[in-house]
Amino acid sequence: LDAVWNGYEHAIQKGKIQLPPESAGPGDPFPGRFLNPHKKVPEFCRVLKHPGMLNWIRVLMEREPKPLQTIASHKGSQQGIHSDSIHMTTYPLGYLSAAWIACEDIHPDSGPLVFYPGSHRLPFVFSKDVGISEAEFRRDGYRPYQEKYEPHIQRVIDEHQLEPHYFHARKGDVLIWHAN
């Protein structure tokens with residue numbers, strides 16, 4: 001993990017990767033996330049295609065995994081509660097999973113990842129299900145997502161009385177989750 005992160009930092013210093021501003025609030029010194037660093041930092045492929053991780057995904061999903069995306073960040077995403085299926089999914093439904101690998105220890109006061117055990121068994125929710133059209137998304141960006149989708153997901157969680165759990169990872173821990 002140190003080699004992966006050092007490769008990422010080196011690519012930033014050399015200008016191969018340019019991080020967008022993405023303020024999480026006043027005084028936030030950290031830049032935004034970077035999508036698919038594995039395309040610019042070869043060390044990331046060691047994580048993306050790690051045999052042990054792929055084996056666990058193979059066991060859990062009962063399919064041969066096809067790694068396709070990485071995201072790196074100096075801070076948490078600040079995203080509201082959501083299902084990754086709203087952003088991307090598979091056809092047939094249900095064959096997308098993700099893994100988060102901690103590059104450092106995550107403490108309770110550092111904004112740990114929140115998850116809801118059992119929520120992957122709930123019905124999939126797509127943009128059309130909450131009244132977000134493609135035209136609206138093109139015109140207004142993520143505003144309809146925040147105004148329509150996120151409150152819908154909160155209602156679903158409340159209706160099913162799902163309890164939040166927090167991933168207080170240690171460096172090297174991996175959390176694999178189903179996209180729903």
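Let's start in helix H5, which covers residues 143-159: Glu-147 and Arg-143 sit four residues apart there, so about one helical turn separates them. Keep in mind that you're looking at a predicted model. The side chains of these two residues meet in a salt bridge, with an N to O distance of 2.8 Å. How exposed is Arg-143? Its relative accessibility is 38%, so Arg-143 counts as partly exposed. Glu-147 is partly exposed too, because its relative accessible area is 47%, and the cut-off for calling a residue exposed is over 50%.

Salt bridges with shared partners tie Arg-139, Asp-140, Arg-143 and Glu-147 together into one network. Arg-139 has a relative accessible area of 59%, so it's exposed. Asp-140, at 21% relative accessibility, is partly exposed; buried would mean under 20%.

Next, step over to helix H4, residues 134-140. Which residues here are separated by about one helical turn? They are Glu-134 and Arg-138, which lie four residues apart in the helix. Their side chains also form a salt bridge, this one at 3.6 Å from N to O. That distance counts because the rule asks for a nitrogen within 4 Å of a carboxyl oxygen. Both Glu-134 and Arg-138 are exposed.

And the overall tally? Going by this rule, the model has eleven salt bridges, including the Glu-134 and Arg-138 pair and the Glu-147 and Arg-143 pair.

Terms used
Residues numbered from 1 in each chain as written. Predicted model: local features only at pLDDT ≥ 70, side-chain atom pairs only at ≥ 80, totals over all residues. Heavy atoms only, no water. Helix = DSSP H or I, 4+ residues; strand = E, 2+ residues; numbered from the N terminus. Buried < 20%, exposed > 50% of the residue type's maximum accessible area, 1.4 Å probe, protein only.
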